[in-house]
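Hello,

Here is the structure we talked about. Please open it alongside this note. My findings follow below.

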Amino acid sequence: MSNRKGKLHIYNSLSGKKEHFEPIHQDHVGMYVCGPTLYSEPHMGNMRTFINFDMIYRYLLFLDYRVKYVRNITDAGHITNSAGEAVDSIGKAARLEQVQSLEIVYKYNVKFQELQRIYNLLPPSIEPTATGHIQEQIEIIEKILDNGLAYVVNGSVYFDVKAYSEKFNYGILSGRKVDELAEETRTLNAQDEKRFFADFALWKKANPEDMQIWRSPWGDGNPGWHIECTAMSTKYLGTQFDIHGGGLDLKFPHHEDEIAQNCGSFGCNPAKIWMHANMLNVNGQKMSKSLGNFFLPKEIVEGTTPLFSKGFSPDVLRFFMMQAHYRSTLDFTEEALNAAEKGYTRLSDAIQLLDKLPTGETSSFDVSALVDSFYTAMDDDFNTPILIANLFEAAKRVNLINDKVDTISLNDLKLLSTHLIAFVKEILGLQLNVAQSDAKLAPVMDLVLDLRAQARANKDWTTSDKIRDGLAAAGIIVKDGKEGTSWS
RNA sequence: GUGAGCGUGGCGGAAUGGUUACGCACCGGAUUGCAAAUCCGUAAGCCGAAAGGUAUGCAGGUUCGAGUCCUGUCGCUCACUCCA
């Protein structure tokens, strides 16, 4: 599959255009994605971002790139917001639950790992933690200070946006202008130590009530919100790497400030390509606790959220998300989820048929063109909706072959089968959970269906329908086809 | 207020400036004892009896040609405060 490399185009938030993807180091890809902050259980919106980047990671792997995928875990409280106020979200959660910060982090990390398993996310190459890289963060802050782009005030260090913007373009990612930022009506906090509104904390002096405190050249304190990503991406991927991803809501200020820190310390933008996954809405609005449209990834699987009348399998949820492009907002509604569930079943049923298909001398349609269309869709900025449309074209062909309307040669069937399964399972990450074929159940089913066939032959519909309905109640669906009866 | 983006059929959601994909729902047909599943097809907003016309929030513009580009306008989402 490696000959398929080289056609991939990715939308770059920096340029606002789709760009031909060429890795910095041939055949190797470095990708950094902003991971979760572990002060609460990740919600469905968080999961959408991680699922989208999981799909991107999977396709890069499938193209035979050697990918180093780094996704950080924020386990240090974001100690300050840009107004300089203390916002230690982890510490706050710890006080609320009356436990130590580490317990909070550990608790939600366990939950996050469980969600990754449920939603079939491949583990990243590395999941570094902020607290494990305090020294690296301090070293980068020192570099920025040495370059004259930060200043120390009363035990805290701030990034000097005005000085920076004389050499670099602050706002290159978000489209913001430093001059306009200055005109914003937002008033500076009275005790604010910053020289300029847009300046942001690299290091913040500790407050007495802080639960996590580290030593630094500027005194005891905490790292700023953005510096951990700069430190960890540099450590594991170098000062410049291929792809940096995250949710759209991180574009400003978080990613803008990461660029500033990287340029301010190493003189270059950390990533060639910046990718942003769009938000998830529920009934037309951003998911939020105050709006009452909030639910957890586990609740929707278990069917315990009052927003939906039933649960949906992780496969259906992944499929549903993959039907929308990663750069579009996606609206969660029960009607849309039900539609996705049916569509997913149709696709997965067709895949189950693959190894039972009859082969012929020739194929009645262009199989390799169909397979190429899978790649073409993904090469166009990971266009999973188009991919799925093409997969349905394949599913239709599979059904037609099964009905003996279309024919396929043995070689073509191998080609189609391999790719159909690869794109669905390996790239979209759908697990195709088949009812476990129990070694004891199969002969029992053979017997039961044989009895039903006899009843049908005798036109004993009462008995045959009793068997069918009884099996349905047990979760086994009987399908009467031209070639006999199957079950699943 | 400032920045980014979006507005397409009943629903979800695609479309390098070139016939509005695909899935679900609906309708008709094939298949079936009846279903389910599968296949084929119509249709999909508005005007019209029909032919046809007009339709991608609305109003203009550029173009042989606009969902796509430009201007204005209305609405929505996100960001500017912890955010995926």
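Start with His133, which sits in the loop between helix H3 (101–118) and helix H4 (134–146). Keep in mind that this is a predicted model.

Is His133 buried or exposed? Its relative accessibility is 6%. The cut-off for buried is under 20%, so His133 counts as buried.

Next, its surroundings. Setting aside neighbours within four places in sequence, His133 is in contact with Pro128, Met232, Lys235 and Tyr236. With Tyr236 there is also a polar contact, side chain to side chain, at 2.6 Å.

Now the sheet. It is open and has four strands, in the order E4-E3-E9-E10. The pairing is parallel. Strand E4 (66–71) and strand E10 (271–277) stand at the edges. Each has a single partner strand, so one side of each is left without a neighbour in the sheet. From one strand to the next, the twist averages 20°.

Look at one pair in detail. Strand E9 (residues 241–247) and E10 run parallel, joined by six bridges.

Best wishes

Technical notes. Residues are numbered from 1 along each chain as its sequence is written. Chains are lettered from A and ligands numbered from 1 in the order in which they are written. This is a predicted model: local features need pLDDT of at least 70, side-chain atom pairs count only at pLDDT 80 or more; totals for chains, interfaces and linings use all residues. Side-chain values use heavy atoms; hydrogens and water are left out. Helices (H or I, at least four residues) and strands (E, at least two) are DSSP runs, numbered from the N terminus. Buried means under 20% relative accessible area, exposed over 50%, partly exposed in between (1.4 Å probe, protein chains only). A polar contact is a pair of N or O atoms within 3.5 Å; within protein, one must be able to donate a hydrogen and the other to accept it, and residues adjacent in sequence count only if both atoms are side-chain atoms. Contact means heavy atoms within 4.5 Å. Two strands pair if DSSP finds at least two bridges between them. Axes are lines fitted to C-alpha atoms, for helices over the stretch in contact, and angles run from 0 to 180 degrees between N-to-C directions.
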